[in-house]
Amino acid sequence: MKNTVFVYFVLFLMMGLCQGRVVKVAQGPLTRVVGQPVSLRCDVSDYDGPLEQDFEWQLLRGGQWLKIISTFDVTFTDPSLQGRVDSHDIAMERLGDSAVELRIRSARAEDSATYRCSTPSTDTDISGNYEAEVQLRVIGDSLKVAPSAPPAVVPEGSPFGLRCNATRNPSERTHLSVTWSLRKGASSEDILTFGPDGKVTVGSGFTQRYAGGGLRLHPRGDGEFGLALTEALPADQGVYVCTGREWVQEGDGVWQKIQEKKVEMGEVRVTPTAQSMTVTVEDNTTLSVDETLNLTCTVAADDLDAVSLEVAWLVVPSAGAGSTGPQVLVQMGRNGVVPDGSELVGVSRVETGSFRLTMRGVDRSDSGLYSCRVRAWIRKSSGEWYQAAEKTSDPVQVLVTLIEPDFRVTLRTVVTPKLSGDPTELECGVTDVSRLGEGRLGVSWHYTENTPSDAPASTHAIAALDERGNLQLWDEYRERAEKGHLTLSRVKPDTFKLRLLHTQDSDRGAYSCTVSAWTYSQKGGWKKSKDVHSEPLDLAWTYKNPRLGVVARRLRETSTAGSTFEMSCQVIEQNLQSPEYSVLIRVEETVGGPTRKIMSLSKDSILQLEDWKELDRLDSVVLEKTGPLEFRFRLYRAQVSDRGFYFCDISAWTRGPGSGNNWTKAISAESNKIEIDFPETGPSFNVSIRSDTTNVFPGETAKMQCDVTIQGPTPNADDVSYEVKWFLSRSWGPEGAVLLASMDRWGTVRKSPRNGSSDCSLERTGGRSFGLSIHSTADGDSGQYHCTATPWLRSPAGAWARGHDLTSSTVFLTVNLALWDSMKQPLLYGAGASLAVGLLSVLLGLICARCCCRRSLHTPLDVHMEMD
């Protein structure tokens, strides 16, 4: 009984895990329109057999199933449908190995039927479904779209509307949607869609406009829909299209479009305000000083009521005509407010499109070209204003007569530069002054750069003094003036001076001054009445190339190690204006060989060590400035490693052209070379390496010895010391030699951080022997080992001298792999696990034999009975 239940349980699980064939079609009923294409999809899944499945379509008509089309049987089609299949009005398209689509190119009324999709069985076991049905309902074409033509021309800012009528047969229980779109050339953009679910969908380019009320929907009933645009914009120009769509809800409430009709409503042209607006001002006017000036600006446009006007009166003074642009004299905002008006100058609205400028008490400075600038603003429904047009009238000439003062202007050089950096002083004088009265004089200075005769020359303004003595600076010379390198002054009422403290090469060119006469106006304030220009004055000097030389002299001779070396570097310069010097001490081991930087002294007297990296000798080098053109370098306690050719590299720094107070390098020069060379006395040293063994097992300790030998007289043990370093180079590593440990000449041991290798120790095993021990060796300790030794000798005077670095040969250490030690533990675990599994299997067998096979114990009795 227990075995039977177990079998049924297993079969139930297998049936639960197996899935039968599943054929699916769309959930119906489906509704389509006569004359529209129809597509019915059929999918099969969870099948056996070949990957590509076959399909058959049938329809139920008059209680009889008619064969439509098959993927494998060309004779499958019913004769009544053969003509439509041959003409491809009915066709089946394979979408994949397990999906097809039945397509009707143009639906007919008789196509309303139940359609069945079936698949022949290729499964080993028959399970699931092999066919599925869907009902298709074909309704008549009752959708009608009849739009009303919009206005052909709309002024910018004016409202206009779009109306479209869309109807269908209400008995079919379908739904409608209406879409307005705008077509410009080949591109089209949807404006707004209403329906089919009663919701409104706005195109991406009209979202903000709809939210602000610029687009408004007006459903009127009986299929009539209206769309109103509160203001016409230039972007609204184009061909408007109305699209009606018929929809049904299928399946899980998904909306399916079954028909669409699109009709052009007509083209709308938006007339820009800028195209129709004109601005005019009356003819030229001549009047005398202190009279009143009246000018009228007339504005015309297609629809002035749709725009708000901002009016500004512009003037180009006669004295500045051609050199400066129009200046705003007074203006009226679009709200009719004049923010900058006064009793003397004002603007007013006379009537619609007419604005008048009034100026009382004019004087000579009011002469010029007057024009009226009008800006048309349109307010959107959202409240935002945008500028639709801007136009400026043709200027009219306004002439105010005035008696001008008369004078002459001369320019001369007071101080002429001879070299770059010398001062320059120019004087601008006024003579033969008449009719100035109580007027005042101002001056402006100009510079014209030297250019070839065929190249155009440009003139730059330097600085100016107005009638009150106020200084005006231009950006190109502002920094020099603020630092005091350029000054402008009035030494007398009729004499002005320009001074350049440090004349630069870029200052070569022609200079001129312009003196302006200022008269007091009845309106209050000073007005410029006349400008007189001086003749240009050329400023130039002979250019001389800077020269720099450096001479090095030996002040102290270095004859033995530990003595002091000192040299002096003298600078010889020509054609340099107030230079500062920077010094760099360099050394060559051989003449023409690679150089090494020792230390430097900047032009600001900042001392810096360069490539001098000996930490215990930081105070052994000194560089100082001993005079305006002299520098001294000292090297205390010279060593053998200090031998070479020493020289000075000096650079001259001057004020750069156009850089204000910034310094630039003018020229550099190197001195002659002075050699430090003294005989190397005393013994010579050698270093060697040895190891007791080159093969060790993991966990053992490897020992190596680094021995230093002496050739020649052996010094006392207290007069010699050694620096020792041990290195490891792994053949498989890209990092090269790695420092393991080091011992300085005082006996201090330093070990480097371990990286994939065992710990090590370094000790002095004899007077000139140094031992390295690698503890608990591992595979990462394999590689080439070598040591370096640097001897230090003490002279009779007590000074220590550093010898040459000595490098030993290499010893290769191999860490063998202990095969048995690495495998015995896994083998032991495996054998134990196998024994445990075997014992468990025997125990389970005994239990099954006793519990499940008791009846077999009577078998021997039956055998004996047969024998009897």
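Ser-605 counts as exposed, at 54% relative accessibility; exposed means over 50% relative accessible area, buried under 20% and partly exposed in between, with a 1.4 Å probe and protein chains only. The place of Ser-605 is in the loop between β43 (595-601) and β44 (607-609). Strands here are DSSP runs of E with at least two residues, helices are runs of H or I with at least four residues, and both are numbered from the N terminus. Ser-605 also has a positive phi of about 65°, although it is not a glycine. Most residues other than glycine have a negative phi, and most peptide bonds are trans.

Before I continue, a word on the source. This is a predicted model, in which local features need pLDDT of at least 70 and side-chain atom pairs count only at pLDDT 80 or more, while totals for chains, interfaces and linings use all residues. Residues are numbered from 1 along each chain as its sequence is written, and side-chain values use heavy atoms, with hydrogens and water left out.

Asp-432, which is not a glycine either, has a positive phi of about 55°, and Asp-432 is found in strand β31 (residues 424-434). The peptide bond from Gly-195 to Pro-196 is cis, with omega near 5°. Pro-196 lies in the loop between β14 (187-194) and β15 (200-202).

Let us now consider the chain as a whole. How many helices and strands are there in the protein chain? There are seven helices and 61 strands. Of the 868 residues in the chain, 40% are buried. Contact means heavy atoms within 4.5 Å. Among contacts between residues at least 6 apart in sequence, 59% join residues at least 24 apart.

I turn to the sheets. Strands of a sheet pair through backbone hydrogen bonds, either parallel or antiparallel. Two strands are taken to pair if DSSP finds at least two bridges between them.

Ser-118 has Glu-131 in β9 as its bridge partner.

Another open sheet has four strands in the order β40-β41-β46-β45, with antiparallel pairing. Which strands form its edges? They are β40 (547-556) and β45 (621-627), each of which pairs on one side only. Neighbouring strands of this sheet are turned by 20° against each other on average, direction ignored. Nine bridges join β40 to the antiparallel strand β41 (residues 565-574), and Arg-554 stands opposite Met-567 in β41.

A hairpin comes next. Strands β27 (residues 368-379) and β28 (residues 385-392) run antiparallel and are joined by seven bridges, with Trp-377 opposite Gln-387 in β28. Five residues lie between the two strands of this hairpin, and Gly-383 in the turn has a positive phi of about 95°.

Tyr-370 leads us to a proline. Pro-326 and Tyr-370 are 44 residues apart in sequence, and their C-alpha atoms are 8.5 Å apart in space. Pro-326 lies in the loop between β23 (308-317) and β24 (327-332). Is Pro-326 buried or exposed? Pro-326 is exposed, with a relative accessible area of 55%. Not counting residues up to four places away in sequence, Pro-326 touches Leu-314, Val-315 and Val-316.

Finally, the cavities. On a 1 Å grid over the protein atoms alone, a cavity is a set of points where a 1.4 Å probe fits but cannot get out, and lining residues have an atom within 4 Å of a point. Grid points are joined across faces, edges and corners, and a volume is the space filled by probe spheres set on the points. A search of the whole structure finds two cavities of 30 Å³ or more, and about 60 Å³ of space lies in the largest cavity. Its lining includes Pro-155, Glu-156, Thr-271 and Val-307.

Terms used. 1 Å grid on protein atoms, 1.4 Å probe; cavity = no way out; pocket = protein on both sides within 12 Å on 5 of 7 lines; lining within 4 Å. Axes fitted to C-alpha atoms, helices over the stretch in contact; angles between N-to-C directions.
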